[in-house]
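Thanks for coming. I will take a few minutes on how the two parts of one chain meet.

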Amino acid sequence: MSIATAEKTTDVAQADFLPLQGTDYVEFYVGNAKQAAHYYMSAFGFQALAYAGPETGVKDRASYVVRQHKLTFVLTTPIRSGNPIAEHVYKHGDGVRFLALRVDDATSAWEETTKRGGKSYLEPQRLTDDHGEVVVSGIHTYGDTVHLFIERNNYSGPFMPGFRPWGNPHFAPASTGLLYVDHCVGNVGWNQMNPWVKFYEEVMGFRNILSFDDEDISTEYSALMSKVMSNGNGYVKFPINEPAEGKRKSQVEEYLEFYDGEGVQHVALATNDIVGTVKDLMSRGVEFLKVPNSYYDDLLDRVGHIDEDLEPLKELGILVDSDNEGYLLQLFSKPVQDRPTLFFEIIQRKGAKSFGKGNFKALFEAIEREQAERGNL
Ligand code: FE2
């Protein structure tokens, strides 16, 4: 059991030189964007929104944009070999390339971050069409992951200049109630957590709001460490994980091996009705990790009163944890591609601002059972 007494909080007083309005979109580089878009629509309940590809004058790729409430995913695939998108997919498999953040001023965002040491990916660029203009800039973060800054206050089109509306009136699966990105977790290499914490503090003005050491996050076999970085208004939260020494291979090491480098481990998607959302996702074929039924035996003793009936939570395998501000319900999908890399978390917050520390042990044991099945534990 953990000997750490509390989730540690530190305060770094810094002016908000990078005001963020939240996540604008998440772009995945995938092996087959047409089919991936269909999966996110049919299984996760996204709606078709926009498309760019050879028909719109883009010669090396095809991109499909899907949306559900405030969640926007872009699925991009190379249509020829020998370009950076093809190399990304060859090396990493399907994964997150861009975590795009909404800003009022993408030029200032780029200037403020690059002058603090951020490595430029894209100097501010104005993209225009009949619907107005979008300004985009970007900096590199861990691995091959990039933060784009998107300024779209003067744009009324469906997505971005260069994209055309896309959809099929005969195929419009209902929403599953997913609302927005709650947080997005990165896996980094040995001894790399603190350098990336420093990057988010110094280059992007984030604060370290929670830390978990290997005593907090360990099972009999493996361990990891994590620090949660948050921007000033709390709209954007990036926990950063690194592996820690254990008897066997940490899940973070398995990720690093199969992703062939650092990258996004999971994206947490918020819902206001986790029971309804998860039932819906399961019935559409989304697979989730399962904790043993014994998890529920002393659940209410651990978390106190909850509004939900216990039975449906138990039946669906939904996890509950509490902190001094309330509680949260969460559940983790299995990896959504054949490599044991990216997965999704479904989360409903009822006051709690934490990340489910009380569930780490049960959860990681469930992950390890899957790792063992793959022969990677
Ligand atoms: Fe999470």
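Predicted model: local features only at pLDDT ≥ 70, side-chain atom pairs only at ≥ 80, totals over all residues.

First, the placement. In the contact, domain 1 takes part with 45 residues and domain 2 with 38 residues.

Next, the area. The size of an interface is often given as the accessible area lost when the parts come together. Here domain 1 and domain 2 bury about 3200 Å² between them. Of that area, 66% is on carbon and sulfur atoms.

How many salt bridges are counted between domain 1 and domain 2? The count is 1. Lys-91 and Asp-260 meet through their side chains in a salt bridge, at 3.4 Å from N to O.

Which elements supply the side of domain 1 that touches domain 2? Those giving at least two residues each include the helices α1 (33-42), α2 (84-92) and α3 (106-115). The strands β1 (22-29), β4 (71-78), β5 (95-102), β7 (132-140) and β8 (146-151) also supply at least two residues each. The most comes from α2, with 5 residues.

Last, the make-up of that side of domain 1: its residues divide into 20 nonpolar, 19 polar and 6 charged.

That is the end of my part.

Notes: Residues numbered from 1 in each chain as written. Heavy atoms only, no water. Contact = heavy atoms within 4.5 Å. Buried area = accessible area lost by both parts, 1.4 Å probe. Salt bridge = Lys/Arg side-chain N within 4 Å of Asp/Glu carboxyl O. Helix = DSSP H or I, 4+ residues; strand = E, 2+ residues; numbered from the N terminus. Nonpolar A, V, L, I, M, F, W, Y, C, P; charged D, E, K, R; others polar.
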